[in-house]
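Please keep the sequence and the coordinates at hand while reading.

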Amino acid sequence: KPMLEGYDFHYLQCRFIREAMNDFANYRPDDLTVALVDAIIAGAKTTRTAFMDAKSDFDLAMGGRITAHGAMHDACVSVFGILRSRYRKDLTSLTAIDRLPVDDKTPGDTLKRGQAMSSLMGKLPNPPGSLTPFKAWDTMDKTAFDVLVGALDTKLEAFTNETDDYEEAQGNLHKKDREMEDFIGAALAQGRHQFEEGTPQREVIDAIPTVPATQAPAKAVITVATSPAAGQAHLEGNANHATTYDWYRKDPGDADFVKVADDIIQKFLNLTGLAPGAHD
């Protein structure tokens, strides 16, 4: 989460810089066009989505590995104890059973333990006094045991693959974050040197946040609400510590508000094509 918080803040800063460039044609940090900065923002969003998808797959693979590991370990412990008891009068078989690995702290160790036990179970004679092959209990014969071995093997392989994908996505996220951070530093420095204090350009650049918000936004307040012409509305609002805004509208006769602007950084909203009557 902390890594994404920094990434998301840099993404937000790029959006602010893009809006400043859109407002002022003479502000072009690193000689980039608005379209090129849009591409940086779009690439950052795509990279973030790919990272989140890879993380979800990684988390699911980890959950599958943990579940399969627990089931295999429990089966190994239980079956091993029953093996020793059932073959206590067959010293040859008991000697082989006692040579099975029992120290399995990792999923990989448990897989090796299960594989060794499966191999031995396939070679042991029937338990003393029994006419049928060894079965720990009604639902735990060698076939059932092998199902657990195969499940853990499959989950371990899936976890390894998803770990590789996750680490690659994480590396791409770090790389994109460094690219954004480099551009942001250059854009702010170049803007402050290009425009003098007191100019509209400098005011906009100085308003770009340089540190993440440390507290939740205060209540939003609409400070301007005018209708420049029929069917039009101009709204301005603000909330202390806010960085982006959602706008909701309820038209005449509507029972509920509908979101009409999502996650925008501008503190104003222009609407057209409104029906006559009072709008909230």
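**Charged pairs, a buried helix face and a negative patch**

Arg-249, at 22% relative accessibility, counts as partly exposed, because the partly exposed class begins where the buried class, under 20%, ends. The model in which this value was computed is a predicted one. The side chain of Arg-249 meets that of Asp-251 in a salt bridge, with an N to O distance of 2.7 Å. Elsewhere, salt bridges with shared partners connect Arg-192, Glu-197, Arg-202 and Asp-206 into one network. Across the whole structure, a search returns 15 salt bridges.

A further pair involves two strands. Asp-246 is in a salt bridge with Lys-259, and their closest N and O atoms lie 3.7 Å apart. This pair links distant parts of the chain, since Asp-246 belongs to strand β3 (residues 245-249) and Lys-259 to strand β4 (residues 258-264), 13 residues apart. Both partners are classed as partly exposed: Asp-246 has a relative accessibility of 37%, and Lys-259 has one of 39%.

Within helix α5, the arrangement is local. Asp-146 and Lys-142 form a salt bridge whose closest N and O atoms are 2.7 Å apart. The two residues are four positions apart in α5, so about one helical turn separates them. In an α-helix there are 3.6 residues a turn, and therefore residues three or four places apart point the same way. Asp-146 is partly exposed, with a relative accessible area of 27%, and Lys-142 is likewise partly exposed, at 28%.

Helix α5 also contributes to a negative surface patch. The patch is formed by Asp-53, Asp-57, Asp-164, Asp-165, Glu-167 and Glu-168. At least two of its residues come from each of α2 (34-86) and α5 (142-194), and α5 provides the largest share, four residues. Glu-167 is located in helix α5. Its relative accessible area of 48% makes Glu-167 partly exposed, because the exposed class requires over 50%.

Which residues of helix α3 (residues 91-98) are buried? They are Ser-93, Leu-94 and Ile-97. Viewed down the axis of α3, these buried residues fall within an arc of 100°, and so they line one face of the helix. The face turned away from that buried side carries the exposed residues Leu-91 and Thr-92.

Note on methods. Residues are numbered from 1 along each chain as its sequence is written. This is a predicted model: local features need pLDDT of at least 70, side-chain atom pairs count only at pLDDT 80 or more; totals for chains, interfaces and linings use all residues. Side-chain values use heavy atoms; hydrogens and water are left out. Patches are made of residues with over 30% relative accessible area and no salt bridge: like charges are joined within 9 Å, nonpolar side chains (Val, Leu, Ile, Met, Phe, Trp, Tyr) within 5 Å. Accessible areas come from the Shrake-Rupley method with a 1.4 Å probe; for residues, only the protein chains shown count as cover. A salt bridge is a side-chain nitrogen of Lys or Arg within 4 Å of a carboxyl oxygen of Asp or Glu. Lys and Arg count as positive and Asp and Glu as negative; His and the chain ends are not counted. The place of a charge is taken as NZ of Lys, CZ of Arg, CG of Asp or CD of Glu. Buried means under 20% relative accessible area, exposed over 50%, partly exposed in between (1.4 Å probe, protein chains only). The arc is that of the directions from the helix axis to the C-beta atoms.
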